[in-house]
Structures are given as C-alpha cells and as structure tokens.
Amino acid sequence: MTFTPRAAWADAPAPLRAAVADALGSTITGHTDLRGGMSPGPAAALRLADGRTVFAKAMSAEVRAHNHMLVRRESAVLDVLPRSVPAPHRLATVEWGPWLALVTTWAAGTTVELWTDTSIDAVVAACRTASGHRAPDGLRPVAERIYDFDGWERVVAAGPADEWEAAYAVRAAEVAADWARWTAGDALVHRDIRADNTAVDAATSSATLLDWAYAAAGVPWLDLAQLSADIVGTGHGLGGEVATDRAYRLIQTLPTEAARFVVALTGMWRIRAATTQDAVLPTISTWRRERVRALRPLVTRLITDLTEPA
Ligand SMILES: Nc1ncnc2c1ncn2[C@@H]1O[C@H](COP(=O)(O)OP(=O)(O)OP(=O)(O)O)[C@@H](O)[C@H]1O
Ligand SMILES: [Mg+2]
C-alpha cells in the first residue's frame, strides 16, 4: 500500500539535485522514481554517467519534519554499520536549505508486494546476519525506538470497541506489559522490518535490509518478531491463512517474548489508528486498522498460547 504519491525526483529543487551529482562526482544521466515506503519525499534510482546506479531519497523539513529527521538519522546509522551487515552503503548526504538528500548503493533485487516463502527465507537470513552483530556504539536502546506499546492498556482504559477486544484486550495488555525490560539487549536491531524496507534478490536468494532510521540495540530476535507481524500485515501470495501460518511458525523458532512483541505491536497499530491523525499521510489510519484486522487470528492464537499454557 502506498500512503501518498511520493514526490517526483525531478520536482526536488534543482540545486539539491546538482549538489547530489557533485557529491557523487558524476553526472546524473537518468532516473526512475520509486513508489512505496512511508515518506512523501522523492525516492529514485539514479543512473550516473560513470555507469553506476544508486539509490537516493530526499525530504524537506517543511513538508514533514519527522521524515527529514529520519533521513538525517539513517545517514548517521549507515556510517556505523559494519560492512558485513546486509545494508546499503552510504555514498552521500547533501543538504540544501530545508532539504536533505541521502544517497546509498543500489540494493540488488526487488521489494516484494506480497511475501513468498522464498522472500521470507531470504529476509530471515538477512535479519539473523544483522542481529549476529553487536549494536555499534552510538545506537540507542531499542526501548527508545518503540512507541505506543501500551496500546492495549489504553484500549482497556477507554473501553473495548468490539467483542474481540472485550474478550482479549485485558490479556493482551498483560502480555505486552514490561516490554522495555524484555526487549533490552546489545544486538543490532533494524526495528522497522517490513516488506517495503527490504530488497530480495531472487538470483542469490539473499536480501538487503533497507531504511535504517530506527536501528537500535536490543534483543537479537526482535527483527524476526517484527517480520512475522509484517508477513500477516503485508500478506502472503498464498493468502491470509498461509500468512498467519508462516508467521506463527517463525515465532515458534524464537523465545516466548517474540509472541509478546507481536501482541504489543498490534496494540500499537490499534491505538495509533484510533488516536493519531496525519495531515500529510491521511491514509495511514486505514493502513493501521487493516493490519490490526489481519493480525487478529494470529494474535488470538498467541494470547491463548501465552495465557492458557497446555
Ligand atoms: N538502496 C536501495 N536500493 C534499491 N531500492 C531501494 C533502496 N532503498 C530503498 N529502496 C526502495 O525505495 C523505497 C523507499 O525507500 P525507503 O524505505 O528507504 O524510504 P521511506 O520508507 O520512504 O523512508 P523514510 O522511512 O526515511 O521516510 C523502498 O520501499 C524500496 O523499494
Ligand atoms: Mg521505508
């Protein structure tokens, strides 16, 4: 799902585009605008006179200060990631007035619209490689990159909106409680694993993790828990039941807290859909509600496993 038509690269200010070319030491001979992602700013594949293709995204603080801050933060994160992490490498960061552009190496492969078993396997492997690294100095504890994990607690306080919530919200809130403690660790965590933040290369069955603005230090299973929620939220090519099955199976390979994480993450989408409006991304509440709906069968099963042990 696309939130808003991304701005076109050609509409970014000419001096910014010229400064990007300068920083890359080559002329931009062509470009392809990219869709997807959460930012209204342009993202593009740039073709350079020296033969390279690179990735660029740009954002103006006047359009959405939050995304502008994220581009700056991602730029700093990319600089401290070890080369063995499956991430793009930063090539340039350019500022012009309120505009900021980040240019990285191009990641081979494609960003899938729906998960497949092959793309799940590739991203699982990439997440395991990433989390096999100790978080570099300078990355913040993951608790500082997790928001609204008290969502179910707030649903309980406000009153359940339907029968499912009447039956499960209290237990969901108990399951999510104390998340700052059980997500703490010193592994490298990407923290924003979604299909649109990955590139999967079918030729090598490998994946690159993209969009590192939320990277943090935490427990090593966290990205796989986030991936399992996204398999259901984004969907699987073979349908909703298969998505739930693949997500459940993945969670079974992880510590129990991974199930708690998925319940808490769903509570985050639930409360945000109800309480946050976004003028720049007006469809984001619909996207969040849709995720909560899709995740219900999985979350029901996880809450049952966690609170009614066999
Ligand atoms: N290095 C890369 N190589 C190839 N394609 C990329 C690369 N980085 C991103 N993409 C593609 O561009 C899309 C948008 O990029 P990205 O996820 O970095 O931006 P975003 O989510 O809009 O940004 P932000 O979270 O900073 O607002 C991705 O969904 C992906 O398809
Ligand atoms: Mg993204």
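**Exercise 1. Find which residues of helix α2 are buried, and what covers them.**

Start with the rule: a residue is buried if 20 or more other C-beta atoms, placed from the backbone, lie within 10 Å of its own. Going along α2, that picks out Asn67, His68, Leu70, Val71, Glu74, Ser75, Val77 and Leu78. Next, look at what sits over them: the cover includes β3 (53-60), β4 (90-96) and β5 (99-105). Helices (H or I, at least four residues) and strands (E, at least two) are DSSP runs, numbered from the N terminus.

A word on the source: this is a predicted model, where local features need pLDDT of at least 70 and side-chain atom pairs count only at pLDDT 80 or more, while totals for chains, interfaces and linings use all residues. Residues are numbered from 1 along each chain as its sequence is written, with chains lettered from A and ligands numbered from 1 in the order in which they are written.

**Exercise 2. Work out how α7 and α8 pack.**

Take the axes, which are lines fitted to C-alpha atoms over the stretch in contact, with angles from 0 to 180 degrees between N-to-C directions. For α7 (residues 222-234) and α8 the angle is about 170° and the axes are 8 Å apart. So α7 is roughly antiparallel to α8 (over 145 degrees).

Now for the contact (C-beta atoms, placed from the backbone, within 7 Å): among the α7 residues are Leu224 and Ile231, and among those of α8 are Ala247 and Leu250.

**Exercise 3. Describe how α8 meets α10.**

The axes of α8 (residues 240-252) and α10 (residues 284-307) come within 10 Å and cross at roughly 40°. Gly240, Thr244, Ala247 and Tyr248 of α8 touch Ala294, Pro297, Leu298 and Arg301 of α10.

Technical notes:
Buried ≥ 20, exposed ≤ 12 C-beta atoms within 10 Å, placed from the backbone. Contact = placed C-beta atoms within 7 Å. Parallel < 35°, antiparallel > 145°, perpendicular 65-115°, else oblique.
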